[in-house]
Amino acid sequence: MAIAANGSTVATPTSATVPPNAAHVQPAAWTEIATVATRHVADTVAAAPERLVGLATVALQHPDLAARQLADSHALAGIVGVEISTRAGELELGDRRLDPFWSAAQEHGSFVFVQTVRHRDYFLP
């Protein structure tokens with residue numbers, strides 16, 4: 001069970017892939033990665049739609065592409081949002097270059113799950 005920003009509880013299990021954080025991957029490859037991963041999640045949800053919801057995979061390192069991928073993912077049955085990492089390559093989530101992604105998430109009412117990742121800058125030696 002998770003706690004939403006408004007304090008309500010979220011009890012529906014989700015299906016998602018771990019968000020890749022490969023800044024060196026070019027947009028064309030990211031298109032294939034995100035499409036295959038998100039369709040797999042949608043297929044998993046389709047097997048038990050009364051029990052599961054799905055989260056898309058997007059190329060957050062390429063914000064305009066990520067915005068389009070998120071919008072497209074909402075056309076798939078059972079996809080309600082996206083799972084992202086705490087960073088997009090070297091970008092922090094509040095970086096203005098990610099505004100296209102955040103705008104798409106708001107426009108589509110996307111649930112955004114932030115998967116924490118271990119990063120050397122976040123831990124003491």
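1. Start with the cover over helix H2. Its buried residues are covered by elements that include helix H1 (27–46), E4, E5 and helix H3 (99–107). Keep in mind that this is a predicted model.

2. Which residues of H2 are buried? They are Pro 63, Leu 65, Ala 66, Ala 67, Gln 69, Leu 70 and Ser 73. An α-helix has 3.6 residues a turn, so residues three or four places apart point the same way. Among the buried residues of H2, look at Ala 66, Leu 70 and Ser 73 with that spacing in mind.

3. Strand E4 (residues 53–56) pairs with strand E5 (residues 79–85). The sense is parallel, and there are three bridges. Gly 54 has Ile 79 in E5 as its bridge partner. From E4 the chain passes through helix H2 (residues 63–73) and on to E5. This β-α-β crossover is right-handed.

4. Follow the chain past E5. Thr 86 sits in the loop between E5 and strand E6 (87–88). Is Thr 86 buried or exposed? Its relative accessibility is 16%, and the cut-off for buried is under 20%, so Thr 86 counts as buried. Thr 116 lies 30 residues from Thr 86 in sequence, yet their C-alpha atoms are 5.5 Å apart in space.

5. Finally, the surface. Val 80, Phe 111 and Phe 113 make up a nonpolar patch there. Together they have about 220 Å² of accessible area. Phe 111 belongs to strand E8 (residues 111–115). With a relative accessible area of 32%, Phe 111 is partly exposed.

Notes:
Residues numbered from 1 in each chain as written. Predicted model: local features only at pLDDT ≥ 70, side-chain atom pairs only at ≥ 80, totals over all residues. Heavy atoms only, no water. Patch = residues over 30% accessible without salt bridge, like charges linked within 9 Å, V, L, I, M, F, W, Y side chains within 5 Å. Areas by Shrake-Rupley, 256 points an atom, 1.4 Å probe, with all protein chains shown as cover. Salt bridge = Lys/Arg side-chain N within 4 Å of Asp/Glu carboxyl O. Helix = DSSP H or I, 4+ residues; strand = E, 2+ residues; numbered from the N terminus. Buried < 20%, exposed > 50% of the residue type's maximum accessible area, 1.4 Å probe, protein only. Pairing = 2+ DSSP bridges. Right-handed = clockwise from strand over helix to strand, strands pointing away. Contact = heavy atoms within 4.5 Å.
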